[in-house]
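Keep the sequence and the 3D view open as you work.

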Amino acid sequence: MAINLAKSQHLDNDGLSEIFRQYGDHLYIKGDHDGAIQQYIRTIGKLEPSYVIRKFLDAQRIHNLTAYLQALHRQCLANADHTTLLLNCYTKLKDSSKLEEFIKSSESEVHFDVEIAIKVLRQAGYHSHAVFLAEKHLHHEWYLKIQLEDLKNYQEALRYIGRLPFEQAEANMKRYGKTLMHHVPESTTVLLKRLCTDYQPSRDSTDRDSLDRTALNKANSEEFIPIFANNPRELREFLEHMIEEEQSPPQGVYDTLLELRLQDWAHERDPERKKGLQEAALLLLRRENTVFDKALVLCQMHNFKEGVLYLYEKGKLYQQIMHYHMQNEEYSKVVEACKTYGDKEVCLWEQALGYFARKEEDCKAYISEVLQHIDRNNLMPPLLVVQTLAHNSTATLSVIKDYLINKLQRESQQIEEDERKIRQYREETAHLRSEIQELRTSAKIFQKTKCSMCNSPLELPSVHFLCGHSFHQHCFESYAESEAECPTCTPENRKVMDMLRAQDQKRDLHDHFNRQLRSSNDGFSVVADYFGRGVFNKLTLITDPPGGKAGPGSLEADLQRDLLIHTKRNV
């Protein structure tokens, strides 16, 4: 009656709400809790919810509190605490039907904080309801936590990750990858292969229509290697897949796979399988992205001889190859290394001779073979050879007898050849001197009948040179570069003059270098400066013979200089 009277008097909502509250209080005092809660529901939006909630917190009145909280959520006036309280009421009443109805409402009817609801359901043990809510509202992290930590459903969690967009799938595999690898290693490895090549979510993904199918989604495979810490078989399968699929895999993938293959090779006892593992490791070393230092350390750690030698050869470290054989006392391999790489580094033969000379074992056969090559290519002075072999107590004179005899015979032959050339040069020098003297004192008669250029009969006007060449004047003017030089002799004359100038320049430079070196306080910086200027580069020069004595070569150079000076044109 009071309500009808208030409505007839057009009382505002606040007044009506106060009447509903007072009537609800009256019914609550009388013990009519069901009637009271209906009145309190009519005060929602005006009366503070805590006023009602405190009255019905008793366990016997929990169903009345549930009705009030449901009405509060329907009117979108509930906060996180109200949602928590309502879900706790459902769980206390074990009213699964109401609970399912509450969480399975359509998205437009959701009037509660989903994350709070998931937490409460998980805490109360309603894991299936919590999983449903997390999946429905795309709370991926909560879904995976419940599946992995509460339900232990690892396969389902892996399937769920495979349906997520790339960024979320990558992040969740980094977070839960170790747990999944421990319980479902094969399926986890398959998903990681997809994630690190060209990942696309599974077909039943709800977001598949919004994904850019043309984008290449590929995670960094190196970042997932720690996940396989306790699963070497799956790690090897994953790394081999990445090596095959990627043209330039991350360096960590390559290094880890190489280490695994070397470990397998080192522990394998079956000869056939060991050979296959050796080929697999070498095949990996031959790839372009091999980092020399890292690969060499790994091969040395596992005593992988073939890999070490391959890397030395690839790095052109030929001396290291020979030293490796020396350390292992592989005499035949030492000689073989000299034969293979001796042309590239001639010092290998000298080092090999010194190595065998220090051995107290009987190495006569190897010493003889090395000496033959040294003798054939004249790599060491005989005195140095004798001094080197003097350290070996087993190397007698018979070892180097043939070497010394051959060396002395060749030296004798060389001396005879030098003496013959000396005689020849002296005769040529005497002949040149007589020609020069004749040119200086006597008239030169030109009797050539043909032009040296066109080989036609010589006609006036003509040009004659003291070297004996004659030309038509028109031929000379057409081909001559200078009026004072014979066109036929010019190329050879220029070569000689260039060599003479270089010799003079070298001699002056040598004197200047010696003076500067003697007067400098830091001789090393002087030498370094000359090296930087390229002064010590190899040049083709006419040099004096050893000992500073003038030999036939210098006499011939002087004669050539005189001829060039006195070669003049005569028209």
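This is a predicted model: local features need pLDDT of at least 70, side-chain atom pairs count only at pLDDT 80 or more; totals for chains, interfaces and linings use all residues.

**Exercise 1.** How many disulfides does the count come to?

Residues are numbered from 1 along each chain as its sequence is written, and side-chain values use heavy atoms, with hydrogens and water left out.

*Solution.* Step 1: recall that a disulfide is a covalent bond between the sulfur atoms of two cysteines. Step 2: apply the rule, which asks for a pair of cysteine sulfur atoms within 2.5 Å. The count comes to zero disulfides. Step 3: check an example. For Cys454, the nearest cysteine sulfur belongs to Cys451 and is 3.8 Å away, and Cys454 is in no disulfide. Buried means under 20% relative accessible area, exposed over 50%, and partly exposed in between (1.4 Å probe, protein chains only). Cys454 has 35% relative accessibility, so it counts as partly exposed.

**Exercise 2.** Describe how helix 11 and helix 13 pack, and say which residues make the contact.

*Solution.* Step 1: find the elements. Helices (H or I, at least four residues) and strands (E, at least two) are DSSP runs, numbered from the N terminus. Helix 11 spans residues 154-161 and helix 13 spans residues 185-196. Step 2: read the geometry. Axes are lines fitted to C-alpha atoms, for helices over the stretch in contact, and angles run from 0 to 180 degrees between N-to-C directions. Here the angle is about 5 degrees and the axes are 10 Å apart. Step 3: classify. Angles under 35 degrees count as roughly parallel, over 145 as roughly antiparallel, 65 to 115 as roughly perpendicular and the rest as oblique. The two helices are therefore roughly parallel. Step 4: list the contact (heavy atoms within 4.5 Å). Helix 11 brings Gln155, Leu158 and Ile161, while helix 13 brings Ser187, Thr188 and Leu191.

**Exercise 3.** Is helix 11 mostly covered or uncovered, and what covers its buried residues?

*Solution.* Step 1: count. Six of the eight residues of helix 11 are buried, and the helix is mostly covered. Step 2: name them: Tyr154, Glu156, Ala157, Leu158, Tyr160 and Ile161. Step 3: look around. The cover includes helix 9, helix 10, helix 12 and helix 13.

**Exercise 4.** Where does Arg261 lie, and is Arg261 buried or exposed?

*Solution.* Step 1: locate Arg261 in helix 15, residues 251-267. Step 2: use its 15% relative accessibility, by which Arg261 counts as buried. Step 3: find its partners. Leaving aside neighbours within four places in sequence, Arg261 is in contact with Glu240, Ala280, Ala281 and Leu284.

**Exercise 5.** Examine the backbone at Glu329, Asn378 and Pro461.

*Solution.* Step 1: Glu329 sits in the loop between helix 19 and helix 20. Its phi is positive, near 55 degrees, in a residue other than glycine, and Glu329 is partly exposed at 45%. Step 2: Asn378 lies in the loop between helix 22 and helix 23. Asn378 is not a glycine, yet its phi is positive at about 50 degrees; with 54% relative accessibility Asn378 counts as exposed. Step 3: Pro461 lies in the loop between helix 24 and strand 1. A cis peptide bond joins Leu460 to Pro461, with omega about -5 degrees.
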